Amino acid sequence: MKTSETIGELSVALCKAQGELGHAVKDATNPHFKSRYATLEAVIDTARPALQANGLAFTQAPGALVDGAVEITTMLMHEGGAWMRSTLHVPLQKRDPQGVGSAITYGCRYALMATLGLPPIDDDGEAAIDRNPPRQSAPAPKADPIDPAESEQTREVL
């Protein structure tokens, strides 16, 4: 990862944004692997509001083909000018336009999620999980022991 000379403002803003981020919902199915995944659109839709609210933006761009892989560079920028960027090399399954496009989308999705610390979540199971369980209340204070000097009538009421 490469960064601007100083990243203090960016670090503070990213920390705040991560506190506001939800999870990227797995909104698509990969029939080949019979698995669900969060699309690039779902990742961006999840991230953008928290990023914008904290003065952050990102860019992603494909680069050169190197050793059968396409480079994807992700850059996170703060409105104050600080930035951080990393480049991911995504192997091509097919060396045709569709294969390159698929690798670019795949790389953008995973690079953005990794940069932001944004986990995917399975929406099917999420509805059954209570992520905000009720807080346990403090145990009730114990009653004072009965004073032996008290009358029998008082003891029966307690």
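T39 lies in the loop between β4 and α2 (40–53); helices (H or I, at least four residues) and strands (E, at least two) are DSSP runs, numbered from the N terminus. The model is predicted: local features need pLDDT of at least 70, side-chain atom pairs count only at pLDDT 80 or more, and totals for chains, interfaces and linings use all residues. Residues are numbered from 1 along each chain as its sequence is written, and side-chain values use heavy atoms, with hydrogens and water left out.

Is T39 buried or exposed? T39 is buried, because its relative accessible area is 17%; buried means under 20% relative accessible area, exposed over 50%, and partly exposed in between (1.4 Å probe, protein chains only). When residues up to four places away in sequence are not counted, T39 touches D27, A28 and R109, where contact means heavy atoms within 4.5 Å.

## The largest pocket

The largest pocket holds about 590 Å³ of space. It is lined by 21 residues, and those closest to its centre are N30, F33, S102, Y106 and R109. On a 1 Å grid over the protein atoms alone, a pocket is an open set of points where a 1.4 Å probe fits, with protein on both sides within 12 Å along at least five of seven lines; lining residues have an atom within 4 Å of a point. Grid points are joined across faces, edges and corners, and the volume is the space filled by probe spheres set on the points.

At least two lining residues come from each of β4 (35–37), β7 (83–91) and α3 (97–116). Helix α3 gives the most to this lining, with eight residues. By class, the lining of the largest pocket contains nine nonpolar, nine polar and three charged residues. Here Ala, Val, Leu, Ile, Met, Phe, Trp, Tyr, Cys and Pro count as nonpolar, Asp, Glu, Lys and Arg as charged, and the others, Gly among them, as polar.

## Two further positions

L14 is placed in helix α1 (residues 8–20). This residue is buried, since the relative accessible area of L14 is 12%. Apart from neighbours within four places in sequence, L14 is in contact with L56, L76, T115 and L116. L14 and G55 are 41 residues apart in sequence and 9.0 Å apart in space, C-alpha to C-alpha.

A64 belongs to strand β5 (residues 56–66). With a relative accessible area of 39%, A64 is partly exposed. A64 touches A69, V70 and E71, not counting residues up to four places away in sequence. The C-alpha atoms of A64 and H89 are 9.5 Å apart, and these residues are 25 residues apart in sequence.

## The chain as a whole

The protein chain has five helices and eight strands, which run β-α-β-β-β-α-β-β-β-α-β-α-α from the N terminus on. Of its 158 residues, 28% are buried. Among contacts with a separation of 6 or more, 50% are between residues 24 or more positions apart.

## Confidence in the model

The average pLDDT of the protein chain is 84, and 77% of the residues score at least 70; pLDDT is the predictor's confidence in each residue, from 0 to 100. Over residues 124–129 the pLDDT is below 50, and this stretch has three contacts in the model beyond near neighbours in sequence. Residues 154–158 also have a pLDDT below 50, with seven such contacts in the model. Where pLDDT is low, the predicted coordinates should not be read in detail.
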